[in-house]
Amino acid sequence: MTEKGNFHRWGQPLGVLDGIPIAVKDNFNTAGIETTCASNMLKGYISPYNATVVQKLLDQGAVLLGKTNLDEFAMGSGSTDGIFGPVRNPWSYSRQYKEKTPPKSSSENEESDWVITGGSSGGSAAAVSSFTCFVALGSDTGGSTRNPAAHCGVVGLKPTYGLISRHGLIPLVNSMDVPGILTRCVDDAAVVLGSLAGHDPKDATTIQDTFKPFELPNLIDVRKLCIGIPKEYHAPGLSSEILALWSKAADLFKDAGAKVIEVSLPHTRYSIVCYHVLCTAEVASNMARFDGLEYGHRADMNKSTESMYAATRREGFNDVVRGRILSGNYFLLKQNYENYFIKAQKVRRLIANDFVKVFGSGVDILLTPTTLSDAVPYMEFIKEDNRTRSAQDDILTQAANMAGLPAISIPTALSKRGLPVGLQFIGHSFQEKQLLTVAKWFEKQVKFPMIQLEEVKRHDCSVFQHQKSVSFL
Amino acid sequence: FCTRGSSAPEGAKQGSRACARPATGHRGTAPRGLASWVPVVGLEIHVQISSNSKLFSGSQVQFAAPPNSLVSFFDASLPGTLPVLNRRCVEAAVMTGLALNCSINKKSLFDRKHYFYADLPAGYQITQQRVPIAVNGSLSYSLCIDNKMSQMVTKTVRIKQIQLEQDSGKSLHDDARSQTLVDLNRAGVGLMEVVTEPDMCCGEEAAAAVRELQLILQTLGSSQAIMAEGQLRVDANVSVHHPGEPYGVRTEVKNINSVRFLAKAVDYEIQRQIEELENGGTILNETRSFDSKLGCTIPMRDKEGKQDYRFMPEPNLPPLILYDAKSLPVNMNHQQVVNIDWIRERLPDLPSVKRAKLVELYGILPEHSFTLLNEDGLAEYFENVIKQTQMKPKKVIGWILNDLLSYLKQHALTVKDSPVSSFLLADLLNLLERREISSSAAKQVLEELWKGEGKTPLKIVKEKKLELIQDQKELEQICQSVMAIKVGNQKVLNKLIGLVQRATRGRSNPVLVKQILEKKLSE
């Protein structure tokens, strides 16, 4: 590998990530490397440029191992609806899961019991979770980084909107998308954030302020903190297990001297509907460029331009994508625009204001669950359609995207079934340092167990902390 | 279909006569009668901004480059690319807005306008539908009444708004091979769409307004506005109604490739609508294409039913914020913002101001100033000649407009390409002014100069022996030999003077000749 070669030649590391293996979700453009978004529309599409975030990682010396699987065009919460098939959660093959969840019948292959990673950045979460790399890039529009992070037992960071460049990230919802960072520990996330954050002239929605990379303190005092527990996040369908874990976490902070109070984000319950209108509208717009003319799949249909477009888009997109395009176009029709799109924008403002009020009243960090339950088996997941699943699973993560706030999911404990459960922290805009500091403290307290994959032989488990971190400098 | 030539039916004739009648702002009131119609004309003018790169990407702007050689990833709509606003385009729009007396919106927004077409790679155009960059302006232009340049009237058309938007690519239909070829060089080039209120009433007004707009844009440098190169494209909205009644259904006329065709297209469409309505028909709210060969408008099949463009805010571009001297934050870097007042202070003299100055400074007629400005470089040429000659401007202008300009037109040359430089012409005019030659001799010299052989006027005069004969004795001899009849009648005197002039090939001093002849005749 040339990077390694350079290292030896100059005797200096290229950057903080020199030699670190990384994986990148397949909706980021990578020069000379196929970028598919797990869709037939872009199968075989070789991107001519690197996304800014990819370039930044490579500039720091990171080694790209590969592109990871996702739901087609990042639409989904299970990483099950891409053309390359579903992503399997590595924890399905862990000793912890196998011990707790005996196979349905001994004759049946354990293949049928495997659980989903969550989505849509399932491939990236699985890659980090199974030790194939230290860092993976995901994207987060409604929870797509935090959800799989929680299900796969890794750290999933959604930065503040506008902090990290979206240039080269194939968009789902331009006004909500952010590149997400998946790592094994919070310190690593801070390092990667330091390499990625900052103004990009190629992305007009990034803020101009200079970003100062930070290191997280090792000794953290939470006594001055005020932790908010939003009562609306006790959502219908929240498993009693996770509810208990959430409560335990709150107690952890209380016992350490932090102020823990219940708060209210009254418009939370409208966020899913609001999201669906705004998301589908932007999807309808963003997908309009896929017509088979300049790049990507082109149908073998020459009767007319229109018929070529129609065939190309029918062949190139799966049902989920096409469904969202249809809905989105409906909401954008002149007669519907006011009642749907404008209305949704107003509701979005209300949701964002909920956070402004709460954060303005002295709350530093919000503590919530990330998901309603642990990862479900694939066979069960696919019983409901994508839209239903998304609506259910996004409820706890979606509002942070609406408001553009930073949020992080930290692996907290194993469920009864031996699968990871994560809890989420939501912070003030552009206050990633505070957010990650609190997250790091929490991570230290819970001491989440390492996945025990038979295929991967590990040394003494008690030194896992040292091994997980890449900060050897 | 299209059977009509260019003859106008009764009603339209009245309409156009009414149009030329001096009336400030409101349309002419036609005399009551069989066909009293009020035509209503509004324009949508797409102006290509003169800039090095495109509105939202860094690829170059250049006319007639090899196909698809000026296309960036963003222009080709490659997934993941984002728009970044070009500062120069914003400045061009502000300049144009100020020149057209608009209010500049300190905050304006960008939107996506969706439709599928081969020359629109993203499936949407980025434009300004909700809040454009400039609104509520006016454009003043002048018309000659009854084609007499000596009677000019000033009219004004209100400018509804100016918006920034992307140009589309070009699709070329190859019917022979049943294929469409797409060239994206033009895709993403910055446009200013100038929308007028329907304040005009005929083709002549529309053409004059557009001509004046062209001059303004060229003066500002915000666009070269050459229609032949697609830098200025005009769509006309036309309707007719009876005075006092509500406006009629309007049609949109596209595919107009020159100012001259604009006048024709508008007038044709007015006539067509009047005839249609007078025959009991109705006007459809449709888009029509102007066929320049046949001189008529034809319905365009493409638009079936009304398109819903599903406008949506452009999420990748924050609102465009402009500043003025008052609102400019103290520590803001001047390079990072667009300051409306800064631009206003640096606006060049607009054509109307330039014309007024020419009239005042040089005492020429208003219609002369129009001609001077209408021809690229002619005003500068004129002023250069003035600087280098003692001849009065009122006399110089005649040489410029009658002699030089007609030569240029005859040979289809621009002022820039004139073989006769302002220096040479001034030199010639000086000879004339010093009475070293007569004016008819000067014309002969000019003809010679036009050959562009590099000779000076003086040289030509010497070569052709065109010097004015001042010598009394010499002239007396000539007069003697020319005089045939001894009569005391003025007519004959003039004839004799003419004969002497002919004999001397215009070199004789006419004043002296007259004296000599009179003397001779009275002897």
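Biologist: What should I know before I start?

Modeller: The model is predicted, so local features need pLDDT of at least 70 and side-chain atom pairs count only at pLDDT 80 or more, while totals for chains, interfaces and linings use all residues. Residues are numbered from 1 along each chain as its sequence is written, chains are lettered from A, and side-chain values use heavy atoms, leaving out hydrogens and water.

Biologist: How many aromatic pairs does the structure hold over all chains?

Modeller: A pair of aromatic rings is described by the distance of the centres and the angle of the planes. Rings of Phe, Tyr and Trp (its six-membered ring) pair if their centres lie within 6.5 Å; planes under 30 degrees apart are stacked, over 60 edge-to-face, and the rest tilted. Over all chains there are 25 such pairs. One of them joins Phe290(A) and Phe317(A), edge-to-face, with 6.0 Å centre to centre and 90° between the planes.

Biologist: Which parts does that pair tie together?

Modeller: Phe290(A) is in the loop between helices H8 (271–286) and H9 (305–316) of chain A, and Phe317(A) is in the loop between H9 and H10 (319–332), so the pair links parts 27 residues apart in sequence. Helices here are DSSP runs (H or I, at least four residues), numbered from the N terminus.

Biologist: Are Phe290(A) and Phe317(A) buried or exposed?

Modeller: Buried means under 20% relative accessible area, exposed over 50%, and partly exposed in between, with a 1.4 Å probe and protein chains only. Phe290(A) is buried at 3%, and Phe317(A) is buried at 4%. Both also belong to one aromatic cluster with Tyr45(A), Phe73(A) and Tyr295(A).

Biologist: Which ring does the charged end of Lys113(B) sit over?

Modeller: The test asks for NZ of Lys or CZ of Arg within 6 Å of the ring centre and within 35 degrees of the ring normal. Lys113(B) sits over the ring of Tyr309(B), 4.4 Å from its centre. Lys443(B) lies over the face of Trp399(B), at 4.7 Å.

Biologist: What area do chain A and chain B bury between them?

Modeller: The size of an interface is often given as the accessible area lost when the parts come together. Summed over both parts with a 1.4 Å probe, chains A and B bury about 2700 Å², 58% of it on carbon and sulfur atoms. On the side of chain A that touches chain B, the elements giving two or more residues are H8, H9, H10 and helix H11 (334–360).

Definitions and conventions
Buried area is the accessible area (1.4 Å probe) that two parts lose on being put together, summed over both.
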